[in-house]
Amino acid sequence: MPKTVWGPSAVFTDSKIYITGGLNPKLPDDFTGLIFSNEFYYLDVKQPFVVKVGEPLRWVELSSQDLPDHAWSAFSTCGLDDSLILYIGENDTSIPTNFVYIYGISSQQWDKHTTTNPPLSYFHSQTQTVCDINTRKMYRYGGILPLQDGTNNYNHNLDILDTSTLVWETIIAPEQRYDHTGTLLQNGYIVYIGGTLHNGDLADISQLSLYDTNNNTWSSMYAGGYSPAHRSCHSAVLTQDGRIIVYGGCDTNINAVLDDLVILDTSQIVYTWSKANVTNVTDPPNPRCYHKSILVGDYMIVLFGRDNIQLSNETFILDTSDKSNYKWVSEFDPNPKPDLNKNSSTQKRNLIIGIIISSIVLALIGASFLIYLYRKRKLSKQNIFTDKTLCGVLPFIASEVLLDREFTKAADIYGIGMLIAEVICGEPLFVDGNYDGNFALVIYFGQCLQIPEQYAVLMRCSLDSIPTSHPTAMELDKQLYELYCTLGVSKYSKLTEDSQLEIKKHLARKEKTSGKHN
């Protein structure tokens with residue numbers, strides 16, 4: 001069982017939580033007489049376990065023979081294969097700063113490696129150091145190193161270690177800060193939260209410092225929403241949906257903050273704070289700092305810490321699966337059973353969503369059908385002028401239309417010729433005939449009515465089976481005017497007197513038989 005209580009370093013890999021280093025204090029609320037540790041353990045989380053007061057977990061001790069005593073150290077896989085990398089944070093002896101320690105998981109051996117261009121000093125770097133497993137770079141921002149004369153050494157740099165080449169790079173940071181947390185987002189931004197400034201004041205937790213690892217630039221963002229208490233020595237873990245769960249922390253007097261569980265939502269462009277809604281299935285932990293939190297699936301496992309009440313290296317479990325209701329639980333299960341109530345609620349929600357989607361689909365189908373009918377009707381109206389279906393009264397249909405069903409201006413003249421004949425004759429043409437195929441042949445072969453010669457010329461030309469023989473509209477207008485002049489005995493008439501006399505006699509006979517004068 002580990003003896004460490006404050007400031008351990010931990011990493012989760014290969015279904016195991018590895019911890020190393022930390023402080024063994026003699027008093028629960030004071031640094032007097034504390035001892036640095038180099039112990040090295042792991043906890044296998046492949047199997048379920050239960051945390052109970054007074055019952056130790058199944059910690060397995062590993063060899064730490066080649067490790068110096070240390071606390072608040074950077075500890076990560078950092079993308080290395082089958083290895084863990086450790087960079088010392090603080091210790092009680094003088095250790096050169098150019099060393100890193102790499103643990104082979106399969107070999108279970110520690111090896112010390114020399115780095116190039118190392119930082120000038122070790123600093124508290126447990127919570128503020130992050131690793132990008134894609135680039136294998138470790139980022140350590142800020143930190144503090146208490147000196148033996150009672151003063152402090154502050155780091156105002158961002159130190160970057162390429163774990164592939166073990167070469168350091170130093171970038172000037174915008175301000176000196178320590179005991180803050182750093183969280184690497186999926187977009188490559190590191191979010192630095194809280195901590196203490198070099199003047200001893202707590203940093204504004206709503207004023208976030210951001211470092212873009214893609215182009216090595218700094219920026220800041222103000223996070224709105226809930227206003228959490230300013231804090232340092234807290235922990236932060238990142239969920240898959242972009243929530244940074246901040247737990248614990250202390251004020252400047254190392255008193256634990258009361259709103260110990262707050263959430264930073266980074267899924268939107270502007271980040272927002274909220275206070276977690278917590279249900280206690282088991283007794284919650286006392287507010288604390290100097291602890292370490294590890295996210296395993298949907299469980300945040302809190303290791304040890306300082307609560308100013310008792311010396312205890314207890315472990316606590318927070319169920320983070322429901323972001324609207326966080327739960328302190330006593331059981332860890334890597335394969336949790338489905339929550340029937342939650343599934344029932346999910347099924348109801350899915351049913352409602354399914355009904356809504358089905359309604360939208362049906363509405364779209366109905367709208368599409370109405371649009372189809374509208375367009376079909378519209379096209380049908382347009383086809384009145386383009387459809388070649390033969391329509392009309394057979395005596396008035398020109399022979400060429402019967403031949404190829406093309407309506408032309410000449411075909412219209414044919415119809416006017418038939419109107420002339422009907423006006424002159426005083427009755428509908430072919431009134432006793434059958435409008436059948438034989439009659440269509442009569443029209444097709446140009447067999448016309450027997451009418452007086454004087455006005456039959458105009459009709460015959462208009463009814464000619466050859467379209468080019470039809471008079472033009474101008475010619476027809478001119479000849480109709482001549483007929484008008486004859487009927488009106490106009491002095492402008494150019495018809496001979498015999499022609500005029502014959503037309504008048506014909507009209508007089510029709511008047512006697514029909515009782516009309518046309």
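**Close-up 1. The disulfide of C78 and C131 in the predicted model.** The bond links distant parts of the chain, 53 residues apart, since C78 sits in the loop between strand 6 (74–76) and strand 7 (83–87) while C131 belongs to strand 10 (residues 129–132).

**Close-up 2. The disulfide of C250 and C289, with C233.** In this pair the distance from S to S is 1.9 Å, and the link is left-handed, with -80° about the S-S bond. C250 lies in the loop between strand 24 (243–247) and strand 25 (261–265), whereas C289 lies in the loop between strand 27 (278–280) and strand 28 (292–296), so that distant parts of the chain, 39 residues apart, are joined. Both C250 and C289 are buried. C233 takes part in no disulfide, and the nearest cysteine sulfur, which belongs to C289, is 5.5 Å away; C233 counts as buried at 10% relative accessibility.

**Close-up 3. A nonpolar surface patch that includes I357.** The residues I353, I357, V361, L362 and I365 make up this patch, which covers about 470 Å². Among them, I357 is found in helix 1 (residues 340–382) and is partly exposed, with a relative accessible area of 48%. For the chain as a whole, the accessible surface comes to about 27700 Å², of which 53% belongs to carbon and sulfur atoms.

Notes: Residues are numbered from 1 along each chain as its sequence is written. This is a predicted model: local features need pLDDT of at least 70, side-chain atom pairs count only at pLDDT 80 or more; totals for chains, interfaces and linings use all residues. Side-chain values use heavy atoms; hydrogens and water are left out. Accessible areas come from the Shrake-Rupley method with a 1.4 Å probe; for residues, only the protein chains shown count as cover. Patches are made of residues with over 30% relative accessible area and no salt bridge: like charges are joined within 9 Å, nonpolar side chains (Val, Leu, Ile, Met, Phe, Trp, Tyr) within 5 Å. A salt bridge is a side-chain nitrogen of Lys or Arg within 4 Å of a carboxyl oxygen of Asp or Glu. Helices (H or I, at least four residues) and strands (E, at least two) are DSSP runs, numbered from the N terminus. Buried means under 20% relative accessible area, exposed over 50%, partly exposed in between (1.4 Å probe, protein chains only). A disulfide is a pair of cysteine sulfur atoms within 2.5 Å.
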